[in-house]
Amino acid sequence: MGGCGTWAWQELLVLLSSLLWLWADSAQPTPPGPTANPGPQLRFRLAGYPRKHNEGRVEVFYNDEWGTICDDDFTLANAHVLCRHLGFVAATGWAHSAKYGKGMGRIWLDNVNCAGGEKSIGDCKHRGWGNSDCSHEEDAGVVCKDERIPGFKDSNVIETEQNHVEEVRLRPVVSGARQQLPVSEGIVEVRYKDGWAQICDEGWHSQNSRVVCGMMGFPAEKKVNRNFYKLASKSQPKQKRREDIGPRKRLFSERQQLNYRLHSVSCTGTEVHLSMCTFEFYRGNASAACRAGMPAVVSCVPGPLFTTGNGHKKKQRRQQQGQQRIRLKGGAKVGEGRVEVLKSSEWGTICDDRWNLLSASVVCRELGFGSAKEALTGARMGQGTGPIYLNEVQCLGTEKSLWSCPFKNITQEDCKHTEDAAVRCNIPYMGYETLIRLSGGRSRFEGRVEVALGAGDGDQPHWGLVCGEGWGTLEAMVACRQLGLGFANHGLQETWYWDASNVTEMVLSGVKCAGHEMSLSHCQHHGTSLSCRNTGTRFAAGVICSETASDLLLHAPLVQETAYIEDRPLHMLYCAAEENCLASSARLANWPYGHRRLLRFSSQIHNNGRADFRPKAGRHSWVWHECHRHYHSMDIFTHYDILTPNGTKVAEGHKASFCLEDTECEEDVAKRYECANFGEQGITVGCWDLYRHDIDCQWIDITDVKPGNYILQVVINPNFEVAESDFTNNAMKCNCKYDGHRIWVHSCHIGDALSEEANRRFERYPGQLNNQIS
């Protein structure tokens, strides 16, 4: 019995010890296993030129794509977090305005606000991944303390020797070609250290040339005479080379030492930058490199806007092309804007779902530009109107037209105009910005306009002033575009307050622009026959530029829905007569007896731009109208006209700005402007100002109009008093039939909403035989 008890006791001890071991093991904290990553893997790198290994433009790899960070609200605390990501202990500074060069692709983060202690930039406050209103001119950079975090290992450690390509150029090698812009043919060179290096052309093919041409702003490449350049690269006497080539194509007399940097370049042709192709670097001593080849040479085909030569030929080429089915709207510069496409004779927009650089590049090349610099989402170039035709456009990059790309047809639930897609295209360098400058302003966005004359002769340019007579918003728009400063806020005819330059001579007068030109030299002007009544410097032209602008347009369906005729007694029209809201014949009427026949309708004016619409005059100069008991901030805000089909005006009206205010706004947009109590006037982005049909002067006096078929036209901001991103959509037109008693108004549309052919049909409209409108 004792033996059995001993054995049982030993078994019990073993059992207890095993239980204790299990309990102890379960009480130990488990080692951290792989946790679910809340977002895509983030990687960081420094890029740009010139820079040291511990500074540069910050690039972040998110969602399988490299992109940049905008400098809006950037702080040293943000730089601390980013430098730790990059393996440095801290930041010593940061840089704004693309100091290290402009990046490409997406701008992943904007309005980043870190406290400084965050482990990841993703933990800081920001607008959301990919949600930005910046361009690559605002790419942020950091300067990190040159001290590594102990034990930090990262595959993205930045070495002093850069292993990626950023800047690329075409260097012309034919005499005379140096002065002629754009440069469409030459040796391809990449930025390397403090100079430029060449690419070996062994294995070089047309797809590589296509990528380079796209970067340079050209839609296509063409075959180049390689033998001509081979002759240039051979070491033979200069005099002999000149004799062989002939007088028209002489090579530069100076020889340049070749310094090869890349070889084995291979592109598919759809890349937007050479750095996205596969290639190899020469290592070590590259003096013996590329023995079987020569520097890569590319020749590009300029788009219609940049074709040099006979203007008549250019006009013929445009006529042969006919109207394109795609256009850009709302951009400050040539080659950028909201993408609009033509379908069934009506223009519409594209939804930004899955919008990327491949699709954007197809748009850019189709329009005669190069590849895309940016594919913009979220109505970054303002909201369009009308239909949204395409969604989830997915081009391969090889298509000739956007309509050849796969896409989904849109439904109303899918997208709104707040998701309109836009592009920024590469365009050829024309050097226009070197021929203009501003002086005396408080910032680089304002000042007196100075232009350079004789700059193309190789001599030092002669700077002079522009006469302020006739200088207005359209001229200022061109000047700001030429300067690369966006839109014009104001065009100023007197600039005595900016008298800070030693340039005093007036050299340009009579400038008259349409508003779309790339340079003031493309506008009408007096040339060498200067004609300026006031040649003093105080009367020199000036500008205030802005990166954004408003964009007003009328809600056309409301005009059609609310139009009617009223016979209004004269005794109720004294105030209207005081404000010139009646036809001139009203002055001869037997006041207060009789009536005037008025065509009345409501106007709902939307601001679809990217800046608030503000009256040009400050409130100190607003005019008080006692009769109507209100201030006018603009003398003429809209023109109302009745036109015959051939364009002859038979009746007109005008609407002073009784008051510019936010009557209603879109969801999540707050009203900012209200007229009550002498309040600020304007129309906020995303809001509209409603002038109801039953208020004074909201009419056209048609008392003297005979029965017939007419066009009703309404033009907002007709005198271009306030700058807008797009003036082509300021007019609205309707067909109307007047039988002497009733009026039928129909087919109302914004002036640029239809195709050219549809507009011609509209203007040839034969009229209504009855009141049935099909």
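Modeller: Four strands form an open sheet, in the order E27-E30-E36-E35, and their pairing is antiparallel; a strand here is a DSSP run of E with at least two residues, numbered from the N terminus, and two strands pair if DSSP finds at least two bridges between them. Strands E27 (552-554) and E35 (664-665) stand at the edges, and because each has a single partner strand, one side of each is left without a neighbour in the sheet. E35 is joined by two bridges to the antiparallel strand E36 (residues 687-691), where Trp688 is the bridge partner of Glu664.

This is a predicted model, in which local features need pLDDT of at least 70 and side-chain atom pairs count only at pLDDT 80 or more, while totals for chains, interfaces and linings use all residues. Residues are numbered from 1 along each chain as its sequence is written, and side-chain values use heavy atoms, leaving out hydrogens and water.

Leaving aside residues up to four places away in sequence, Glu336 touches Leu328, Gly331, Met381, Val423 and Arg424, contact meaning heavy atoms within 4.5 Å. A polar atom of the Glu336 side chain lies 3.0 Å from the backbone nitrogen of Ala332, and one lies 3.3 Å from the backbone nitrogen of Lys333.

Note on methods
Polar contact = N/O pair within 3.5 Å; in protein donor to acceptor, adjacent residues only side chain to side chain.
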